[in-house]
Structures are given as C-alpha cells and as structure tokens.
Amino acid sequence: MYSTFEHDSFFGFLNVFKRFDSRFTLTHGDRPPYPVIIDNPTLGEVIRNLNRADLGLFLSAFFFLGFPLARWATSTHASGEYARRKAFNRLWGMGAMWSALWALVNSHYRLTGVTENGLRWQRKERSLKKYDFTSEFEKGTIWRYFRLRREDL
C-alpha cells in the first residue's frame, strides 16, 4: 500500500504521520486503509497490543518533547527554587502522561486499521459494494423528499 516502517519496530510510530487520507472523513461504507483487527477494542486489548513502536513513541515524546518543554517553562516562568522544582515535576509528569496516552492511541489505531498494522487488504477497492434495499421503496413514499443521497449532492 504505502512505504512505511515496520509496524513493530522502534520507529514504527512514525507510520501515524505518513497518512495520505484523512481518518476522520471516511464515508459510510468506506474501509480503513489497513485491515481491522478489532473493530471496537477495549482498554485491555489496547494495552495488550502495545509493542516497540509504542515504546519508541513514548520515549521520544517523553524525552525529546516533555523534558525540554518542562525545563524551558520552569526556567523562564517560575520564581524561587521550590516553585521551579515543583512546576518542573508537574510538567514532566504531564509530559509522561501525554506520551503514554499517545502510545495508547497509536496502539488503538493499529487495531482499528487506521495506521500500519502489518496486514494488507486482499482486494484493492476502497468502498464496499452493497445493494441498496430502500431506494426502490422510498421512491414511492413521501420520504423521498427528505433523503439526501450521495449522488444528489
């Protein structure tokens, strides 16, 4: 499909940034770019799906974003040694929680097929082919005036 990193490598979290279509604009009947492993995973399933890519995401966000931002914020805005240390610990803790949440989101995206999960679709078409059972019936009723169809837009 796309050239991506291995989904379970340390840099596999970079796959979430290599998106060519928006995950929020899939219309009804469109499938995600990768096969779905679990459609609506629970928190336990998301945690069991964590791998090296999520560890890489956690460590890189925690140390390369959380620590410098906490250091910069406390060095410029805190007055007094005690307030500076307390603010630094809080900001670094929030950075750790944000990094952990981002790792869980990446794991969730892999399970739902939004980002690279190591699987490929067997068919290339993006939308499902299904029969519309209600169009014939609606044409004979008053509801035909209230329905917005894709071809009418």
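This is a predicted model: local features need pLDDT of at least 70, side-chain atom pairs count only at pLDDT 80 or more; totals for chains, interfaces and linings use all residues.
A residue is called buried when its relative accessible area is under 20%, exposed when that area is over 50%, and partly exposed in between, with a 1.4 Å probe and protein chains only. Residues are numbered from 1 along each chain as its sequence is written, and side-chain values use heavy atoms, with hydrogens and water left out.

**Exercise 1. Describe the chain as a whole.**

Task: State how many helices and strands the chain has, and what share of its residues counts as buried.

Solution. Begin with the secondary structure, where helices (H or I, at least four residues) and strands (E, at least two) are DSSP runs numbered from the N terminus. The chain has 4 helices and 0 strands, and the order of its elements from the N terminus is α-α-α-α. Next, turn to burial: of the 153 residues, 28% count as buried. Then consider contacts, meaning heavy atoms within 4.5 Å: among those between residues at least 6 apart in sequence, 77% join residues at least 24 apart. Finally, the accessible surface, computed by the Shrake-Rupley method with a 1.4 Å probe, comes to about 11200 Å², and 63% of this belongs to carbon and sulfur atoms.

**Exercise 2. Work through the salt bridges.**

Task: State how many salt bridges the structure holds, and describe where the partners of the arginine 110 and aspartate 54 pair lie.

Solution. Recall that side chains of opposite charge can pair when their charged atoms come close. A salt bridge requires a side-chain nitrogen of Lys or Arg within 4 Å of a carboxyl oxygen of Asp or Glu, and the structure holds 3 of them. In one, the side chains of arginine 110 and aspartate 54 meet at 2.7 Å, N to O. This pair links distant parts of the chain, since arginine 110 is in helix 3 and aspartate 54 in helix 2, 56 residues apart. Arginine 110 counts as buried, because its relative accessibility is 3%, and aspartate 54 is likewise buried, with a relative accessible area of 2%.

Now take glutamate 81, whose side chain meets that of arginine 84 in a salt bridge of 2.7 Å, N to O. Arginine 84 and glutamate 81 are 3 residues apart in helix 3, so about one helical turn separates them. Arginine 84, at 27% relative accessibility, is partly exposed, and glutamate 81, at 43%, is partly exposed. Glutamate 81 also forms a salt bridge with arginine 85, whose closest N atom is 2.9 Å from the O atom. Arginine 85 counts as exposed, because its relative accessibility is 54%.

**Exercise 3. Classify two aromatic pairs.**

Task: Classify the ring pair of phenylalanine 62 and tryptophan 92, and then the pair of phenylalanine 67 and tryptophan 92.

Solution. Rings of Phe, Tyr and Trp (its six-membered ring) pair if their centres lie within 6.5 Å; planes under 30 degrees apart count as stacked, over 60 as edge-to-face and the rest as tilted. The structure holds 8 aromatic pairs. The rings of phenylalanine 62 and tryptophan 92 have centres 5.1 Å apart and planes at 5°, so this pair is stacked. Phenylalanine 62 in helix 2 and tryptophan 92 in helix 3 are 30 residues apart, and the pair links distant parts of the chain. Phenylalanine 62 is buried at 12% relative accessible area, whereas tryptophan 92 is partly exposed at 27%. Phenylalanine 67 and tryptophan 92 form an edge-to-face pair, at 5.6 Å centre to centre and 65° between the planes. To finish, note that Phe58, Phe62, Phe63, Phe67, Phe88 and Trp92 form one aromatic cluster.
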